[in-house]
Amino acid sequence: MNREVLFMQRCLDLAVMGAGKTSPNPMVGAVIVHDGKIIGEGYTSPYGGPHAEVNAIQDAMLKFPESAEKLFQESTIYVSLEPCAHFGKTPPCADLIVSKKFKKAVIACQDPFAKVNGLGIQKLKEAGIEVVIGVLEKEAKWVNRRFFTRLKDFRPYIILKWAETNDGYFAPADGSQKWISNAASKQLVHQWRTQEDAILVGKGTALADNPSLTAREWSGRNPKRVLIDKRLEISRAANLYSTEADTIVFNAEQTDWQGNIKLIAFENFDLYLPQQVLYQLYLMDIQSLIVEGGKKTLEQFIQAGLWDEARIFKSSENWGAGMEAPKINGSIKEKLKVGSDTLEILIKP
């Protein structure tokens, strides 16, 4: 592994430490290298806070208070995404890099956001900084797949999630609740919830399971809860309406906003429902969405081709009968054991 790849991999490892905190900004890592050694590193702070490059520079200045400014002029800064070139919640990172007179910048991939999109790279080059682009580009784009999807497709990144038995059943035939996956899988799902912006279920799942959709078994923030409930049949006493997280309810009856509950009515509720839901979430700056069920809701997204990943837990149990699990075609990205369960992660072709 050459040094550029090694240091960029460190940027990517740092970037994912911001998972679930930076949205709708991307996750970015930055590393400052002088004479083959890391002298400063950082990753993007929670939304509204300093970006990765700022944190890496501040880290170096804390470590080398007397010599950091001189060291920067002999250093290379590695960044997993093109430095921003515009004033947003924070000043442009490209301007900061130029002001510190870095010798070289190595960037994994270009930022497609309209206010950046090559302008950050241009600023660095115009200042005489040597720029290298494309180191671990594919890996960097995967880390920020949520960010790129929202910019490209004007919708959140969609993760479908369900559990099924070894012989392909999703739920008992009578619609009752019966747990399929094990405790370790459940905890993993709660970790995922802290990393995504929102989680969605349909009315049937809300009635059958009375879920909270919180991340109570993992440390981190709760996602926004999204409910599809055409006639507003779910009781306000249901767990989904607790004050633990915001709840967005798409329906055909009422638009209202009280406390943490937001009701959004669609005039043509049954017309392109997944598309309507996703566009509204996009407008609300929701960058990623877990679609958790039930079967009808999952199949609506599958049939519309509106998904990016499917995470499917398969237990070792055989039921012999029941409601069949959704059918989906995708490329297997990863397959691993979670206790007695098998987790398959599929990517949309």
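Residues are numbered from 1 along each chain as its sequence is written. Because the model is predicted, local features need pLDDT of at least 70 and side-chain atom pairs count only at pLDDT 80 or more, while totals for chains, interfaces and linings use all residues; side-chain values use heavy atoms, with hydrogens and water left out.

An open sheet of mixed pairing is formed by five strands in the order E2-E1-E3-E4-E5. Helices (H or I, at least four residues) and strands (E, at least two) are DSSP runs numbered from the N terminus, and two strands pair if DSSP finds at least two bridges between them. Strand E2 (37-43) and strand E5 (130-133) are the edge strands, each pairing on one side only. Neighbouring strands are turned against each other by 15° on average, direction ignored; axes are lines fitted to C-alpha atoms, for helices over the stretch in contact, and angles run from 0 to 180 degrees between N-to-C directions. Six bridges link strand E1 (residues 29-34) to E2 in the antiparallel sense, and alanine 30 has glycine 42 of E2 as its bridge partner. Helix H1 (residues 3-15) packs on this sheet, with contacts to E1, E2, strand E3 (76-79), strand E4 (104-107) and E5, where contact means heavy atoms within 4.5 Å. The direction of H1 makes about 145° with that of E1. Helix H2 (residues 52-63) lies across E1, E2 and E3 and runs at about 135° to E2.

Ten strands form another open sheet, also of mixed pairing, in the order E11-E12-E10-E9-E8-E13-E6-E14-E17-E16. Strand E11 (256-258) and strand E16 (331-338) each have a single partner strand, so one side of each is left without a neighbour in the sheet. The twist from one strand to the next averages 20°. E6 and strand E14 (residues 309-314) run parallel and are joined by six bridges, with leucine 160 partnered by alanine 310 in E14. H10 packs on the sheet and touches E6, E8, strand E9 (224-228), strand E10 (247-251), strand E12 (261-265) and E13. The direction of H10 makes about 145° with that of E10.

The largest pocket holds about 1,200 Å³ of space. It is lined by 49 residues, of which Thr205, Asp209, Glu292, Gly293 and Gly294 are the closest to its centre. On a 1 Å grid over the protein atoms alone, a pocket is an open set of points where a 1.4 Å probe fits, with protein on both sides within 12 Å along at least five of seven lines, and lining residues have an atom within 4 Å of a point. Grid points are joined across faces, edges and corners, and a volume is the space filled by probe spheres set on the points. Helix H9 (203-209) is among the elements that give two or more residues to the lining, and H9 gives the most, with five residues.
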